[in-house]
Amino acid sequence: MNFSQFLLIIKARYKIILWTFFLVVGVTLALSLILPKSYTATTSLIVNYKGVDPVTGMAMPAQLMPGYMATQVDIISSHAVAVKVVKNLGLTNSPVIQQQYRDESNDLVKIDDWLADLLIKKLDVKPSRESSMLDISYSGADPQFSATIANAFAEAYMEASLYLKVEPSRKAAQYLLSQAKEYREKLETAQVKLSQYQQETGLTSVMENLDVENAKLNQLANQLIMVQAQALDSSARQRNANSAGDASPDIASNPVIQNLKVAITQASSKLAELGNRFGRNHPQYQSAQAELDKLKTQLTIEVTRIGSSVGGSARIYQQNEGMLKAALAAQKQKVLELNRTRDQMSVLQRDVETAQAAYNSVSQRLNQTSIEGKANESDISILNQAIPPSKHSSPKLLLNVILAIFLGGLLGISFALLAEMQNRKVRSMEDIFEMVEIPVLTVIGQHASLKKIKNMPLLQFTSKES
């Protein structure tokens with residue numbers, strides 16, 4: 001079928017097209033005028049999304065904002081919010097609604113739930129693509145009622161959003177409160193253990209006691225070194241005194257020994273002189289000899305005494321060395337024991353510090369969560385409240401007429417083509433050739449008709465003018 005055939009069919013079936021067109025347009029116009037008018041009221045909200053977890057306090061990434069807005073749309077359209085709207089407005093107290101509920105529902109569904117489902121059907125929530133705005137629209141037969149319901153949904157959503165934000169903080173606060181009690185008990189237990197250990201060991205500060213004991217240990221070590229040196233020196237002097245006699249420096253340097261030696265020298269000189277003068281049997285010589293022997297005897301006694309004194313000093317130094325060694329060993333043991341005590345006390349102190357840090361952390365988070373749980377400020381703000389619309393939103397007469405004109409024309413043409421297919425008629429030379437596939441011999445008509453069949457397989461071309 002070419003375009004000329006299509007136009008011929010339209011021309012021949014124009015009545016069907018017109019009847020269909022006017023019928024569709026008329027019915028659409030009548031329905032648009034008869035159907036009850038619906039008024040749509042819209043409330044605009046701004047969602048200030050912060051994204052902070054009430055338990056951990058961590059901020060959520062900004063990439064989750066689209067999902068967050070979709071969640072808010074679902075919350076607004078939820079049954080719980082709708083039930084809150086019904087309760088806030090007291091819609092169930094209306095006798096009309098109660099009668100409608102008895103007529104349309106059964107006893108298995110509560111009137112609040114039944115009415116909430118009806119409100120949700122006429123509710124439309126649209127989030128903005130590039131901002132944090134939400135539009136809550138409600139359509140109803142009464143403009144004032146539509147505005148009231150839209151604003152009621154906004155208020156109920158704000159209450160539900162605040163509840164959803166605060167309730168996790170309250171539950172988290174209860175959990176953190178129990179944890180704070182547990183950590184406080186652990187802290188008190190650790191402090192009691194540390195206090196008991198300090199009382200048992202008599203320590204107040206491990207480092208101070210350790211410094212004192214280390215100082216004593218160092219002092220004893222230094223004293224031992226000095227005494228050992230003195231003991232070695234005394235032992236050497238004792239051996240020298242025992243072997244060298246009065247030639248020993250310790251003995252020779254003694255003033256008594258030196259005086260005795262001088263006296264012996266003088267007595268020897270006197271004895272020699274008397275021997276030369278009087279002889280050995282002379283009384284003076286014998287007296288001088290007795291005096292010299294007495295001085296020598298005294299010298300021997302003094303040498304022995306001083307040698308014994310040097311040996312006594314060596315023994316004293318050796319005794320002091322033994323005592324210092326014992327004291328040093330005891331001090332070392334005391335320091336080692338203090339080190340073990342310090343290690344145990346350090347463990348207890350670390351337990352106290354760890355418990356204190358954990359308790360402080362939980363207490364800080366508990367205070368923050370408690371404040372969040374007592375918050376009464378919502379993250380949602382109403383930008384524009386719904387007002388009763390002055391014009392109905394549906395039915396839209398102009399749009400319906402335009403669509404009816406387009407649809408009526410399309411249906412009319414479709415019915416015309418369908419009628420033509422059911423009862424095919426010859427309306428042009430092409431129809432003859434396509435239907436019976438017989439060459440056209442003669443065309444009786446105007447010259448314009450000849451132009452249309454020049455390319456067809458004809459045996460002869462004739463016209464009235466020819």
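Which residue in strand 4 is the bridge partner of Ser44? The partner is Asn384, and this pair belongs to an open, antiparallel sheet of 4 strands. The structure is a predicted model.

**Sheet**
- The strands are arranged in the order 2-3-1-4, with antiparallel pairing.
- Strand 2 (123–127) and strand 4 (380–384) form the edges, each pairing on one side only.
- From one strand to the next, the twist averages 25°.
- Strand 1 (residues 39–47) is joined to strand 4 in the antiparallel sense over 4 bridges.

**Helix across the sheet**
- Helix 7 (residues 143–201) lies across strand 1, strand 2, strand 3 (133–140) and strand 4.
- Relative to strand 1, helix 7 runs at about 25°.

- In soluble globular proteins, nonpolar side chains tend to be buried together.
- The largest nonpolar core comprises 38 residues, and Leu119, Leu134, Phe153 and Tyr157 have the most contacts inside it.
- At least two residues of this core come from each of strand 1, helix 3 (65–76), helix 4 (79–89), helix 5 (95–104), helix 6 (111–121), strand 2, strand 3 and helix 7.
- Helix 7 gives the most to this core, with 10 residues.
- Leaving aside residues up to four places away in sequence, Phe153 touches Ile76, Val81, Ala82, Val85, Leu119, Leu123 and Ile136.
- Another core, of 10 residues, lies apart from the largest one; among its members are Leu260, Ala267, Leu271 and Leu299.

Note on methods:
Residues are numbered from 1 along each chain as its sequence is written. This is a predicted model: local features need pLDDT of at least 70, side-chain atom pairs count only at pLDDT 80 or more; totals for chains, interfaces and linings use all residues. Side-chain values use heavy atoms; hydrogens and water are left out. Two strands pair if DSSP finds at least two bridges between them. Axes are lines fitted to C-alpha atoms, for helices over the stretch in contact, and angles run from 0 to 180 degrees between N-to-C directions. Contact means heavy atoms within 4.5 Å. A nonpolar core is a set of buried Ala, Val, Leu, Ile, Met, Phe, Trp, Tyr and Cys residues joined through side-chain atoms within 4.5 Å. Buried means under 20% relative accessible area, exposed over 50%, partly exposed in between (1.4 Å probe, protein chains only).
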